[in-house]
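The briefing follows, grouped by topic.

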Amino acid sequence: MTRLINKKPSRITRLLLGLLPFIVLIVLYMMASQARLVDNPNDKLLPAMSSFVDAINRMAFEPSRRSGEYLMLADTLASLSRLAMGVGISALIALIVGVANGMVPFVRAPLSPLVTALSLVPPMAILPILFIVFGLGELSKVMLIIIGICPIMIRDLQLRTDALPPEQILKAQTLGASSWQTIIAIVVPQILPKLIEAVRLTLGSAWLFLIAAEAIAATEGLGYRIFLIRRYLAMDVILPYVLWISLLAFVMDWLLRKLSQHAFTWYHTAQGDA
Amino acid sequence: MATPIIQAKDVWKEYGDNVVLERINLSVMEGEFVSIVGASGCGKSTFLNLLLGNESVSRGQLLLNGDILPNEPGPERGIVFQKYSVFPHLSAVQNVMLSDVFAQSPFVSRLFGKEKQQAYTQAMAMLDKVGLSHAAHKYPAELSGGMQQRLAIAQALMKKPKILLLDEPFGALDPGIRKDMHKLVHQLWQEHKLTIFMITHDLSEGFSLGNRLWVFDKHRHDAQHPERFGAQVTYDIPIAKDIQNLSFTEDMKPVIDASVA
Ligand SMILES: Nc1ncnc2c1ncn2[C@@H]1O[C@H](COP(=O)(O)OP(=O)(O)OP(=O)(O)O)[C@@H](O)[C@H]1O
Ligand SMILES: [Mg+2]
């Protein structure tokens with residue numbers, strides 16, 4: 001008999017098995033919701049599916065009565081642009097500082113201890129400071145994301161740079177490379193796929209910091225909306241918003257993976273996951 | 001008298017209390033092919049690193065063309081390691097073009113137009129010489145171990161180094177491929193008038209390839225403090241490609257085998 005650890009589901013079975021837990025969860029929810037609504041038709045905790053459809057319709061496909069905007073679209077654009085700015089700036093800083101720390105001892109000596117110290121500061125604890133210093137505008141939200149994820153990304157890329165075989169750096173020098181050429185032609189191209197991995201891993205934290213900042217001070221954004229309507233116990237809006245955020249996070253991760261596979265074929269060939 | 005290309009004058013290398021090499025005195029003329037054998041851990045790679053400029057001597061002097069050897073790697077000394085000698089993010093032909101790219105594009109490290117075409121043509125000619133023209137557009141991960149080492153040699157030769165350092169370049173290859181590689185290195189040595197230092201664990205490789213064989217060994221052993229004494233070149237054997245010398249080397253073989261083992 002084949003051992004359990006050697007049995008593999010076929011493609012279609014795997015797909016069905018993957019869907020199964022979701023279907024079970026939805027069915028369980030519907031049963032629980034039904035039971036509560038029978039007891040009390042005004043129950044807000046577990047709304048019926050029809051309330052979700054209404055809420056999504058209202059938020060996504062009808063202009064708001066107050067501002068004339070499509071709220072979900074406006075919230076999404078606001079959140080995504082903050083996230084993109086925060087993550088993009090962090091990635092750029094991390095690439096520059098991480099590689100410089102890894103390659104240039106005279107940069108590493110002053111910067112590396114600073115980065116380590118910064119990465120130990122709990123970002124949420126300095127959120128009030130950010131609001132005081134940068135005001136309640138966009139800057140402080142983007143700053144919170146950067147402070148939250150940048151030090152980890154820097155340290156990750158520094159380690160990745162250190163982990164490049166020293167043979168490669170020596171070889172480049174025997175081929176006549178200057179320090180700059182070694183960095184720009186040998187190190188950076190090999191660190192870029194690692195940068196994408198670092199972004200994928202820190203994206204979750206970036207969302208966390210974004211929503212936290214929006215919850216406290218914002219006038220639009222996905223996090224802002226959730227915390228605003230929490231006052232009315234509007235689960236029919238909160239739950240779709242949470243699912244929407246998860247979907248956005250999933251799509252971003254997927255896009256980054258595809259981007260990496262497309263742009264760094266050599267890397268994925270070597271890793272055996274092309 | 002001509003200046004030796006490499007000269008060691010009473011060279012010592014120590015890591016803390018660990019004496020790795022002691023009292024090395026040697027001189028090597030341009031065009032020589034030195035094979036280096038010795039027990040594992042006796043300091044062969046350390047010696048090669050001294051020649052590369054990656055490590056510096058603790059005492060004594062190491063001279064390159066009569067001047068103190070620079071304390072960092074340079075274009076006149078090419079190297080091929082046992083592994084990690086080629087760049088995984090560049091295709092075979094890009095790997096070989098790299099030295100031209102470095103020479104001609106100081107800032108962006110990228111060639112365009114005519115310059116690129118020229119570097120490409122030269123790289124393809126070199127790939128052809130090492131028998132890799134059919135794999136020019138593959139990445140190193142798609143090449144076999146032997147192909148990667150041939151690529152590494154081709155890449156190193158593009159810079160036209162005077163000296164080629166080989167640290168067990170064929171150690172990981174199977175015997176059949178190793179024979180081909182020997183032929184290739186021998187041919188390139190004569191064609192490019194290289195001075196070669198090659199570390200090997202395979203004694204017959206050492207005998208058949210070069211014109212000189214060095215055996216690194218400790219001349220004194222201290223059982224209590226194995227780190228107290230460093231290795232020296234205990235045999236420096238000229239190898240001529242004729243019959244008398246072959247019989248001489250056959251006589252020497254058991255002696256050397258004993259010190260290498
Ligand atoms: N960077 C270093 N720091 C401290 N000790 C070192 C360093 N490099 C080498 N050594 C020591 O020097 C000695 C010689 O090492 P080396 O790598 O030169 O040996 P080797 O002859 O090349 O051996 P092998 O045949 O296994 O490659 C070893 O005892 C090693 O521990
Ligand atoms: Mg070695």
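In this predicted model, a polar side-chain atom of B:Ser45 lies 2.7 Å from an oxygen atom of ligand 1. The protein covers 59% of the 630 Å² of accessible area that ligand 1 has on its own, areas being computed by the Shrake-Rupley method with a 1.4 Å probe and, for residues, with only the protein chains shown as cover.

**Ligand 1 and its shell**

- The elements of chain B that contribute two or more residues to the shell are β2 (18-28) and α1 (44-52); helices (H or I, at least four residues) and strands (E, at least two) are DSSP runs numbered from the N terminus.
- With three residues, α1(B) gives the most to this shell.
- B:Lys44 places a polar side-chain atom 2.7 Å from an oxygen atom of the ligand.
- A backbone N or O atom of B:Gly43 is found 2.9 Å from an oxygen atom of ligand 1.
- There are 14 residues around ligand 1, of which B:Ser40, B:Gly41, B:Lys44, B:Ser45 and B:Thr46 come nearest; a residue is near if one of its heavy atoms lies within 4 Å.
- By class, the shell holds four nonpolar, seven polar and three charged residues.

**Chain B as a whole**

- Seven helices and ten strands make up the secondary structure of chain B.
- The C-alpha trace spans about 60 × 40 × 40 Å along its principal axes.
- Of the 261 residues, 50% count as buried, that is, under 20% relative accessible area (1.4 Å probe, protein chains only).

**A:Asp75**

- A:Asp75 belongs to helix α3 (residues 71-103) of chain A and counts as buried because its relative accessibility is 0%.
- The side chains of A:Asp75 and A:Tyr241 are joined by a polar contact of 2.7 Å (N or O atoms within 3.5 Å; within protein, one able to donate a hydrogen and the other to accept it, and residues adjacent in sequence counting only if both atoms are side-chain atoms).
- The side chain of A:Asp75 also reaches the backbone nitrogen of A:Gly221 at 3.0 Å.

**Conventions**

- Residues are numbered from 1 along each chain as its sequence is written, with chains lettered from A and ligands numbered from 1 in the order written.
- Local features need pLDDT of at least 70, side-chain atom pairs count only at pLDDT 80 or more, and totals for chains, interfaces and linings use all residues; side-chain values use heavy atoms, with hydrogens and water left out.

Note on methods
Ala, Val, Leu, Ile, Met, Phe, Trp, Tyr, Cys and Pro count as nonpolar, Asp, Glu, Lys and Arg as charged, and the others, Gly among them, as polar.
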